[in-house]
Structure formats: C-alpha cells, structure tokens
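Here is a walk through one protein chain. Keep the sequence and the model side by side as you read.

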Amino acid sequence: MTTSAMSMNEIHANSLLASTFTHPREVLANPFLDTLQKRCVLAAWASDAFTVEGKPWLRQIPGSNETVRIGDILAALRSLDEDDGPPPKMLRMPLPGAPIRVRAVGQTAQEIRRRRLADIHP
C-alpha cells in the first residue's frame, strides 16, 4: 500500500470516527482516544469536505442530522494544544564577539592601527 493510499485511508477512518460524535466536547471527553487520535478526529471534522453548503461556518458529517460550528471544533483543538503545555523556549545563539585581529608575520600593532585609520578616513 502506498503512503498516499494509507493517508487517505486514515483520513477516511478519522471521518468515520468523527461521525460517531455529535459535538467536539464528546471527542475531548472520550477516555478511549489519546490526544493524537482526538486531534485527528477533530481535524477531519473541521475539514472543508464537511462544510454545509452556503454556510461555511458549519460542518456536517454525512449521515448525521447534526451540524457543528467550526468555532467549536477549533476551540476543542486549541484546548488540546493547551494540554500539551507551552512550546519549548528557543535558545538564542550567542552574539559573535569582537573580530579577532590577525597580524601578518612581521607586521606591528602600529601598522595595523594606521591601516584601520586609513580604512575609516580615506
């Protein structure tokens, strides 16, 4: 089975699973689904494939009489994000220090200063 076929099967399975719920709160309260499975079900439910014609703010799973607001689905997804905790802090790279001045063999510090001044004040 190809990767794209597997992902289509997974999407279909999540859509079927979503049809067993009437509201996103039920998905969140389900003790048999882990966080990733809940996220997949809610994401499938939020898909544009289930948009109610003429009412893009509503979603309806085929075969279900219930419509659900996209805002409720997104709020449920956000609550799963909050359960994950804050994102890890990004560590900043240290700022580079002053450039290291390298002298040519036989060059004196006085010659380097003169050359630097000549570069600044031509």
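**Confidence, core and charged pairs**

This is a predicted model. The protein chain has a mean pLDDT of 77, with 75% of its residues at 70 or more. Begin with the part to treat with caution. Over residues 1-6, pLDDT stays under 50. For that stretch the model has two contacts beyond four places in sequence. Where pLDDT is low, predicted coordinates should not be read in detail.

Now turn to the core. The largest nonpolar core has 16 residues. Phe21, Val27, Leu42, Trp45 and Ile73 have the most contacts inside it. Helices α3 and α4 (70-83) each supply at least two residues of this core. The most comes from α4, which gives five. In soluble globular proteins, nonpolar side chains tend to be buried together.

Next, a loop. Asn30 sits between α2 (24-29) and α3 (35-46). Is Asn30 buried or exposed? Its relative accessibility is 17%, so Asn30 counts as buried. A polar atom of the Asn30 side chain lies 2.7 Å from the backbone nitrogen of Phe32. Beyond four places in sequence, Asn30 is in contact with Phe21 and Lys38.

The charged pairs come last. Side chains of opposite charge can pair when their charged atoms come close. The model has three salt bridges. In one of them, Asp81 meets Arg39 at 2.7 Å, N to O. Asp81 lies in helix α4 and Arg39 in helix α3, so this pair ties together parts that are 42 residues apart in sequence. Asp81 is partly exposed at 40% relative accessibility. Arg39 is partly exposed at 22%.

Another salt bridge joins the side chains of Arg59 and Asp48, at 3.2 Å, N to O. Arg59 belongs to strand β2 (residues 55-59) and Asp48 to the loop between α3 and β1 (51-52), so the pair ties together parts 11 residues apart in sequence. Arg59 is buried, with a relative accessible area of 5%. Asp48 is exposed, at 62%.

Asp72 and Arg69 also meet in a salt bridge, at 3.1 Å, N to O. Asp72 counts as partly exposed at 23% relative accessibility. Arg69 counts as partly exposed at 47%.

Note on methods: Residues are numbered from 1 along each chain as its sequence is written. This is a predicted model: local features need pLDDT of at least 70, side-chain atom pairs count only at pLDDT 80 or more; totals for chains, interfaces and linings use all residues. Side-chain values use heavy atoms; hydrogens and water are left out. pLDDT is the predictor's confidence in each residue, from 0 to 100. Contact means heavy atoms within 4.5 Å. Helices (H or I, at least four residues) and strands (E, at least two) are DSSP runs, numbered from the N terminus. Buried means under 20% relative accessible area, exposed over 50%, partly exposed in between (1.4 Å probe, protein chains only). A polar contact is a pair of N or O atoms within 3.5 Å; within protein, one must be able to donate a hydrogen and the other to accept it, and residues adjacent in sequence count only if both atoms are side-chain atoms. A nonpolar core is a set of buried Ala, Val, Leu, Ile, Met, Phe, Trp, Tyr and Cys residues joined through side-chain atoms within 4.5 Å. A salt bridge is a side-chain nitrogen of Lys or Arg within 4 Å of a carboxyl oxygen of Asp or Glu.
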